[in-house]
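Please work through the exercises below with the sequence and the structure beside you, and try each task before reading its solution.

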Amino acid sequence: MAKAFSNLMNDRAAAERAKAGTSSEETGPSQATLRMKVETRKLNFFYGASQALFDISIQIPERSVTALIGPSGCGKSTFLRTLNRMNDIVEGARHTGEILLEGINIDGPEIDVVALRKRVGMVFQKSTPFPKSIFENVAFGPRLTGVTDRRELDEIVTTCLQRAALWEEVKNRMTDSAMALSGGQQQRLCIARALATNPDVLLMDEPASALDPASTSRIEDLIFELKENYTIIIVTHNMQQAARVSDMTAFFYQGHLVEMGQTQELFTKPREKHTEDYITGRFG
Amino acid sequence: MSRLRESVLEWAIFFCSSISILVTAAILFVLLIETVIPLNGVKPFFGHVTLWEFFTETRWTPTFAEKHFGVMPLVCGTLLVASIGACVGLPLGILSAIYLSEYAKPKTRSIVKPILEILSGMPTVVYGYFALIFVTPYIVRPIFHSLLGLEVDSTNALSAGIVMGVMIMPMVCSLSEDAIRAVPRSLREAGYALGSTKYDVSLKVVVPAALSGIVAAFLLAMARAIGETMLVAIAAGNNPQLTLNPLKSIQTMTTFIVNTTKGDTPSGTIEYQSLYAVALCLFVITFTMNVISHAVMRRFREVYH
Amino acid sequence: MTPPPGTPPQPARTASNDLRQALTRKSTVRPAEVIFSSLCRLAAWSSLGILCVLVGTVVWKSWGYLDWSFLTSFDSQRPELAGIWAGLLGTTWMIFLTFTTAIPVGVGAAVYLEEYARDTWMVRFIRVNLSNLAGVPSIVYGILGLTVFVRMFDLFAREGLITHLMGKHIEAIVIAGVEIPLPLGTTLASGALTMSLLILPVIIVATQEALRAIPPSLRHASLALGATRWQTVRYQVLPAAVPGIMTSIILSISRVIGETAPLIVVGAVGFARFAPGKIGSLKDLADHPGGLLQAPFGKYTVMPVQIFNWVGQARQEFQGVAAAGILVLLGLLLFLNGIAILIRNRYQKKLRW
């Protein structure tokens with residue numbers, strides 16, 4: 001099974017190189033040369049008395065796609081949610097350790113969590129369009145920051161829908177209700193909506209798990225396009241997806257970060273036995 | 001033998017459940033026989049009074065020597081009190097609902113919710129008494145008479161309307177709260193993830209999403225206000241007149257019914273029949289509002305299930 | 001991939017300082033937000049304020065009028081002698097008679113709808129019907145009661161249908177020494193029947209919900225042991241539903257005690273110097289216990305109607321008497337609701353799914 005993955009990775013890497021016109025053997029950014037966009041140091045997370053994350057120290061490079069994989073309940077989503085402090089709204093949630101965005105501790109007392117969430121966007125597993133028009137959904141974020149000029153809003157909405165590869169399908173029905181879109185379209189709308197606040201980082205919690213294969217494939221293409229401008233961290237329980245889409249992969253197990261590395265290496269030559277067991281399907 | 005007993009029992013409880021249909025049929029029948037259907041050779045109400053007069057005549061004087069049967073003064077009085085009640089009760093109710101579901105800590109909820117239940121279980125004679133004895137002399141009169149120099153009748157639509165608002169507030173609050181709670185958590189989270197404050201999420205995400213449920217709640221509360229009797233009988237007055245001045249004494253449909261039956265009006269007379277005509281009018285209005293409200297509520301539930 | 005033309009360029013975020021500034025720029029807490037949350041809090045707590053003012057007004061007004069003799073005296077033309085005894089007795093009778101009729105019928109209907117009926121159009125129609133009935137103004141129930149129970153469609157009147165059929169004018173029938181007037185007239189029975197119809201939808205719906213909450217496994221287990229449907233209901237389901245039925249009773253008690261309009265329409269007396277069945281004290285009960293059976297078929301008053309009557313009096317002192325009456329009414333409400341809640345909680349403790 002590991003061989004199949006590595007074949008997939010080689011194919012993808014070859015395609016990338018062909019597109020980029022490079023002849024280098026290097027695929028994707030390496031940890032050493034790029035800045036770390038997001039970093040956690042010794043992050044421990046608790047829901048009340050039970051501990052969900054143990055001593056997570058991770059570094060996410062900018063303008064890349066990092067996949068978080070692992071069996072259900074291993075803490076991937078919890079970890080993701082600490083990065084934009086979504087766990088603040090959960091009763092009894094607390095953590096120790098540092099979470100850094102470009103070196104800035106996001107738990108600092110001077111940090112405005114509302115501003116943080118505009119710079120670190122999130123897309124959820126189940127698409128959650130607001131029961132408003134398509135336009136109003138995407139315009140929601142900019143309106144919060146005080147943008148009221150109609151032309152400016154139009155520009156932002158158009159750009160984001162284009163970036164989310166939804167523009168062609170909805171450009172003639174911007175005032176229709178977002179609830180009338182299909183599942184895949186709704187999820188792309190949610191992506192457009194998240195992009196509208198001009199974030200640096202995009203957190204995606206199993207964004208395609210509720211979608212059919214065709215829509216999933218579109219979303220994966222989208223992620224590949226988006227990484228040019230955004231730092232993307234995606235939680236997925238689908239290993240093939242992680243292999244297709246990400247530059248770096250981190251394997252979580254029962255709240256611990258077992259291994260992290262370049263996707264190609266992790267899937268072909270994992271360092272930890274645990275990782276190899278998971279990848280080859282021995283559990284989870 | 002036991003088989004027979006089982007069958008009898010099943011028929012008995014089937015009969016019990018069909019009583020509700022019987023009741024509805026009876027209400028319709030009862031309201032129609034005095035007003036529309038001639039029975040025992042007696043001309044019904046609308047045999048004497050034309051629909052045109054009923055709806056366009058501006059005086060209601062069935063018990064006077066010179067009789068007029070225009071229902072509009074009663075309807076107008078009812079709607080005047082109900083509208084004032086709406087202006088008081090709907091904002092109070094919806095704001096409380098937002099507070100209880102989005103802002104309040106569980107400890108606060110455990111205090112405020114029982115208080116609202118007590119208020120909603122309060123007999124309406126008590127509300128009427130409160131309006132007459134406290135609101136008119138100590139709130140309405142000081143503001144409108146002493147301060148603004150306007151004439152305030154001792155029973156008036158404003159006092160009744162204000163207390164009516166208090167009366168419907170618990171109902172609006174509890175139904176709106178249900179609607180707000182039906183909005184899925186994921187929608188709220190999506191709002192927060194876009195960098196919204198609690199205020200943004202409440203007002204721009206949750207309330208719009210719960211809107212049709214809230215509208216259904218409003219309609220139900222209004223129907224309740226329109227059908228209310230004792231509060232208005234005590235505090236709004238006994239004087240049917242077509243006016244929009246809330247400081248005047250008026251009469252509602254319900255007050256007319258309750259005060260006329262007190263006098264033990266003999267059956268067969270046009271005064272007696274007018275009772276049923278007004279009751280029919282009242283029933284049609286409240287029934288329509290209830291039906292619309294339930295239809296809106298059904299559509300709302302469909303969206304979130 | 002080149003971005004489409006016309007896109008605003010992504011601003012270079014090179015300096016961390018830029019980001020730090022963006023993150024610490026405390027979004028100026030808009031005054032609108034503070035005002036809004038304060039308004040919401042004010043609205044919710046206003047309920048407490050209103051309740052205090054309400055009760056305070058009533059207590060203040062009742063000063064000097066609420067005493068033991070008020071509780072045990074009949075009404076009077078003189079405010080200082082007026083009492084609520086007739087109303088207390090009438091209300092007690094009303095509660096007893098109403099629930100005796102409404103609970104069996106209501107629970108029976110709920111049992112049928114939940115345990116026996118298949119999901120036919122008839123059953124769905126009944127369900128819709130019940131929610132509509134719950135929204136009918138109580139005074140319309142009064143008109144219903146007036147026509148059906150008090151006047152009985154004028155069938156027994158001098159020109160009525162039954163008089164024609166029977167050849168003579170029947171005014172009453174006597175069963176076991178109890179004289180039952182025909183038509184039923186402005187008696188306690190008419191009032192109780194009208195109130196039963198009023199609270200029936202509430203009892204049916206609340207009992208239905210209680211029955212629905214009981215897991216089907218209980219019924220299956222009973223049926224698997226060879227019990228009939230009725231036996232299952234009688235010995236397993238209903239006992240388990242008792243807390244829910246108590247809830248429906250709690251919800252209806254306040255209505256039965258506090259409803260005034262339908263009872264006025266159905267002929268509850270405003271000024272009453274007698275007790276139902278002429279039994280106003282234990283002595284009366286000893287003298288002629290037959291009055292207990294006669295009471296439902298005589299005239300009556302209830303507390304809220306007495307209060308309404310006092311409020312309408314010209315003499316200002318009667319407002320104080322009314323206030324005293326209101327306190328007694330609220331006291332009874334509190335007492336009965338409290339007992340019902342206690343009983344329900346005791347039953348709920350015994351049942352643990």
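Two exercises with worked solutions follow, after a short note on conventions.

This is a predicted model, in which local features need pLDDT of at least 70 and side-chain atom pairs count only at pLDDT 80 or more, while totals for chains, interfaces and linings use all residues. Residues are numbered from 1 along each chain as its sequence is written, and chains are lettered from A and ligands numbered from 1 in the order in which they are written.

**Exercise 1.** Describe how helix α9 of chain C packs with helix α10 of chain C.

*Solution.* Begin by locating the helices, which are DSSP runs of H or I with at least four residues, numbered from the N terminus: α9(C) covers residues 216-224 and α10(C) covers residues 229-258. Their axes (lines fitted to C-alpha atoms over the stretch in contact) lie 10 Å apart, at an angle of about 160 degrees. Since angles run from 0 to 180 degrees between N-to-C directions and those over 145 count as roughly antiparallel, α9(C) is therefore roughly antiparallel to α10(C). Finally, look for the residues in contact, meaning that their C-beta atoms, placed from the backbone, lie within 7 Å: α9(C) contributes L218(C), R219(C), S222(C) and L223(C), and α10(C) contributes T232(C), Q236(C), V237(C) and A240(C).

**Exercise 2.** Find how many residues chain C and chain B each bring to their contact, and which helix of chain C gives the most.

*Solution.* Counting each side separately, chain C supplies 62 residues and chain B supplies 63 residues. On the side of chain C that touches chain B, helix α2 (residues 31-61) of chain C gives the most, with 16 residues.

Definitions and conventions
Two residues are in contact if their C-beta atoms, placed from the backbone, lie within 7 Å. Helices (H or I, at least four residues) and strands (E, at least two) are DSSP runs, numbered from the N terminus. Angles under 35 degrees count as roughly parallel, over 145 as roughly antiparallel, 65 to 115 as roughly perpendicular and the rest as oblique.
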